[in-house]
Amino acid sequence: MIAPSARGGSSRRIWGLMYRHLALYRRSWPRVLELMYWPVLQMVVWGFVTAYLVGVQGHGLAGAPGGATPSGLGAPGGATIAAGVLLGGVLLWEVTLRSQMGFAISFLEEVWSRNLGHLFVSPLRPWELVAGLAAMSVLRTAIGVGAAMVLAFVLYGFGVWTMGPVLVAWMAALMAMGWAVALAVTALILRHGAGAEALAWGVMFGLAPFAAVFYPVAILPGWLQPVALAIPAAHVFEGMRAALIEGRIAWDHLAWAVALDGVWLAVAAWVFLWQFQQARVRGALLNIGE
Amino acid sequence: MHGMEPPALMVEGLSKTYAAGAPPAVDALSFTLPMGQTWGLLGGNGAGKSTTIAMLLGLLVPSAGRVVALGHDMARDRFAALARMNFSSPYIALPHRLTVEENLRVYAHLYGVPDATRRIAELVEEFALGDFAKRPAGQLSAGQKTRVALAKALVNRPALLLLDEPTASLDPDTGDWVRSTLERYSAASGAAILLASHNMAEVERLCSNVLMLKGGRMVDDGSPAALLAKYGRDDLEEVFLDIARGRSKAESAA
């Protein structure tokens, strides 16, 4: 009668956490809409700005009638390259942003519903909590940014996939950076409670100027360039520009992005686990929603 | 059979001080809860009941002492114990936008319950949740929420169940239903239950032993009958007041 042997282990517990969040979306279309709303809005605004700047409004960025041809972004020179760099920057930065927000907001859902007490007295390990939140961030990002990518192709003829298979690696590097920042934000929520939740929404915007999303690191003042080069996303966007402008894969920037992601994730995980332990010492896990 | 297994809880010198220089919230608490028994944790507000329960669950790191739950040291191996424990408190909500069934399924997954669908169906029937199983938890009455919280607490058929005021703010009928359910579960499963309560009649009915806390220290313990005899009282509420106010029967009569 008592506690038959548990089944499923870590994967089952991670799925349990994901199921808790997916159940929310299953019944709430506004939540699903919200996932797509900002990425799509960003794409629409930047798409028209870009179209205006390159003077091809109504003719597609590649110059093809109807704008349905995504090719040509690799062609040397010209406004189409600038357009691709801008729209690619918008789309890939959204990956970082949505990844970070998807993670942090999923954690905040537990804070808002005052469910953390139940979670932390279950056998769910801290790393399983992190894995579940990361998995939710992948889903949220895929829905939000996926919609924006389709829209960029349909409206402006820009297919971010023209960068080739390396795009997957770039996106993974950006997602990992988003998780690292979200882990740090989650640690601050554990430390300061729901009062720190504004960081979940805004912290990534503060990094954007230094992440070289729309311009090369070389444009920044000399003293700021080392700061930028310590940000994984800066290497991703340098790599993106190399792919779109020069048609080559910048392996050195990819390696830097992956290595920096490793450092960022390790530091953020340490901060998270430290604050989790401190919250257990202070007794904050039961009343963190207050 | 129970003699061969470790006690449900072994607590040794458990203490918690939240800030340097502050008086301890819990001070050198020691007890051993055997399997199959229901014990009560009694004390006034600020006596240390919630702090004690939080430490027993691993939510709070003790300043000193140790907790061994179901044979597992909670400082080193708490997840092995937590898989066979569960907890319910009216002060910790379940996700209010999820339906009752969804909530139970989430926790069935988290606790690795085999054949979760069948277990949820059993709980829905046993706790009479059928009428509102597909309603969001946030739309339920206090009594319905308590039944759902108790169903969640039993989803993994815990060997050790910790309850913080399980019948707080319930009407007498629902409160009686909760107490009957706990009695049935304890008798059928052989599980150990530790409950913190302010309801003395509830403690007298359910508990074979009572730990009396005051200012973080255990000031007395024993069966309800033994405590009544020791303090010369007719009900546990008078015993509670004697201890809480530091008075004797003669002083209270004067």
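## Exercises on a predicted two-chain model

The contact draws on 35 residues of chain B and 32 residues of chain A. The model is predicted.

**Exercise 1.** Work out which elements of chain B give two or more residues to the side that touches chain A, and describe the residues of that side.

*Solution.*
- Step 1. The elements of chain B that contribute two or more residues are helix 2 (78–82), helix 3 (100–110) and helix 6 (172–189).
- Step 2. Helix 3 of chain B supplies the largest share, 6 residues.
- Step 3. By residue class, this side of chain B holds 24 nonpolar, 6 polar and 5 charged residues.

**Exercise 2.** Decide whether the radius of gyration of chain B agrees with that of a compact globule, and describe how the chain is built.

*Solution.*
- Step 1. Chain B contains 10 helices and 10 strands.
- Step 2. A compact globule of 254 residues would have a radius of gyration near 18 Å; the value for chain B is 19 Å, so the two agree.
- Step 3. The C-alpha trace of chain B spans about 55 × 40 × 40 Å along its principal axes.
- Step 4. Of the 254 residues in chain B, 49% count as buried.
- Step 5. Among contacts in chain B with a separation of 6 or more, 65% join residues 24 or more positions apart.

**Exercise 3.** Find the residues with the most contacts inside the largest nonpolar core, then list what A:Leu174 touches beyond four places away in sequence.

*Solution.*
- Step 1. The largest nonpolar core has 166 residues.
- Step 2. From chain A, the residues with the most contacts inside this core are A:Leu91, A:Leu92 and A:Leu174; from chain B, they are B:Leu9, B:Leu160, B:Leu162 and B:Ala192.
- Step 3. Leaving out residues up to four places away in sequence, A:Leu174 touches A:Leu92, A:Val95, A:Thr96, A:Ser99, A:Ala233 and A:Val236.

**Exercise 4.** A:Ala212 and B:Ala128 each have a positive phi in a residue other than glycine. Locate each residue and classify it as buried, partly exposed or exposed.

*Solution.*
- Step 1. Phi is near 55° for A:Ala212 and near 50° for B:Ala128.
- Step 2. A:Ala212 sits in the loop between helix 7 (198–207) and helix 8 (225–229) of chain A.
- Step 3. B:Ala128 lies in the loop between helix 4 (116–126) and helix 5 (142–153) of chain B.
- Step 4. A residue is buried if 20 or more other C-beta atoms lie within 10 Å of its own, and exposed if 12 or fewer do.
- Step 5. A:Ala212 has 25 other C-beta atoms within 10 Å and is therefore buried.
- Step 6. B:Ala128 has 13 C-beta neighbours inside 10 Å, so it counts as partly exposed.

Methods
Residues numbered from 1 in each chain as written. Chains lettered and ligands numbered in written order. Predicted model: local features only at pLDDT ≥ 70, side-chain atom pairs only at ≥ 80, totals over all residues. Contact = placed C-beta atoms within 7 Å. Helix = DSSP H or I, 4+ residues; strand = E, 2+ residues; numbered from the N terminus. Nonpolar A, V, L, I, M, F, W, Y, C, P; charged D, E, K, R; others polar. Rg over C-alpha atoms; globule rule 2.2 N^0.38 Å. Core = buried A, V, L, I, M, F, W, Y, C linked by C-beta atoms within 7 Å.
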